[in-house]
Amino acid sequence: MNPRVGLVTVLFNSADVLPGFFQSLSAQSYRDYWLYIIDNSLDELSFESAKKEIEKYNIRNVTLIKNDKNVGVAAANNQGIVLALEAQCEYVLVLNNDIEFADTELFSSMVAVADANNEKLVTPKIYFYDSDLIWCAGGSLSEWRGVVRHYGEMQPDSEKYSSDCYVQYAPTCFMLVHKDVFDRVGLMDEKYFVYYDDVDFIYRSNQAGFKLKYWAEGEVRHKVSSSTGGDESPFSVYYTNRNRIYYIRKNFKGMKKSVAISYTVLTRIVKMANFSNLKRSRKMYDAMIAGFFM
């Protein structure tokens, strides 16, 4: 008997990407799952689009929830995770809806890898949606700088990224997590709202002794930053700087903490100097400063 999997995805201005997501989902051979969709959008477009796709593909194993406000990605993920655990799901697959996947056996193979080898955290190879370049083939965490690194980012696929291994980090845009991890580590930290919530969760998992398996055979494609305006919008600048400082202060002490905060401040100053458009630069500066002080 297959272990039950709870799929958790958060909507925010997601109407444009949902057709591809649901098409990928409907083609999966694995059926022992329940899909939890949490909508944080401020309008009805994503919710109505989700209902339309659910009806189109006759998906019955689904719970669709519309929040009355944007509670943040971390809190919305927690809503779905709690429901999945209450439903006795052995695994939770946290996944973005700006993800598409062509392999109809992806879920089956991913669960088999985890189940056969008692893996508690599994992440696949993630490509940019519109190219054959890698977005993330696992990654690393630097405590001294308070940053993460994606292995293979902007690189063509090669033998280097084609072997399974354990990694320190991967984003939770498509990650299979065993219930034991939540039992020991807890849920996502909702103070992050968006960005770095997954970094914090994976760091806490590492500290608790859980290993993150990079599964090279699994492949998905990611429409990067499709709902937040990219990594250089005022929104993204505010939350990445705010949350990076919070992550460092929460998890590190002593010299590591001091060095990581200093590195963050210095690199942000350099980044700001690279904006040639004065009007845009001012908006980014304001967002960055607000993020630091929050």
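Predicted model: local features only at pLDDT ≥ 70, side-chain atom pairs only at ≥ 80, totals over all residues.

User: How many helices and strands are there in the chain?
Analyst: Residues are numbered from 1 along each chain as its sequence is written, and side-chain values use heavy atoms, leaving out hydrogens and water. Helices (H or I, at least four residues) and strands (E, at least two) are DSSP runs numbered from the N terminus. The chain has nine helices and 13 strands.

User: Is Ile37 buried or exposed?
Analyst: Ile37 sits in strand β2 (residues 33-39). Buried means under 20% relative accessible area, exposed over 50%, and partly exposed in between (1.4 Å probe, protein chains only). Because its relative accessibility is 1%, Ile37 counts as buried.

User: Which residues is Ile37 in contact with, leaving aside its neighbours within four places in sequence?
Analyst: Contact means heavy atoms within 4.5 Å. With those neighbours set aside, the partners of Ile37 are Thr9, Leu11, Phe22, Ile54, Val62, Thr63, Leu64 and Ile65.

User: What separates the C-alpha atoms of Ile37 and Leu7?
Analyst: Good one to check in your viewer. Along the chain, Ile37 and Leu7 are 30 residues apart. Their C-alpha atoms are separated by 8.2 Å.

User: Does Asp103 count as buried, partly exposed or exposed, and why?
Analyst: Asp103 lies in the loop between β5 (99-100) and α4 (106-117). Since its relative accessibility is 36%, Asp103 counts as partly exposed.
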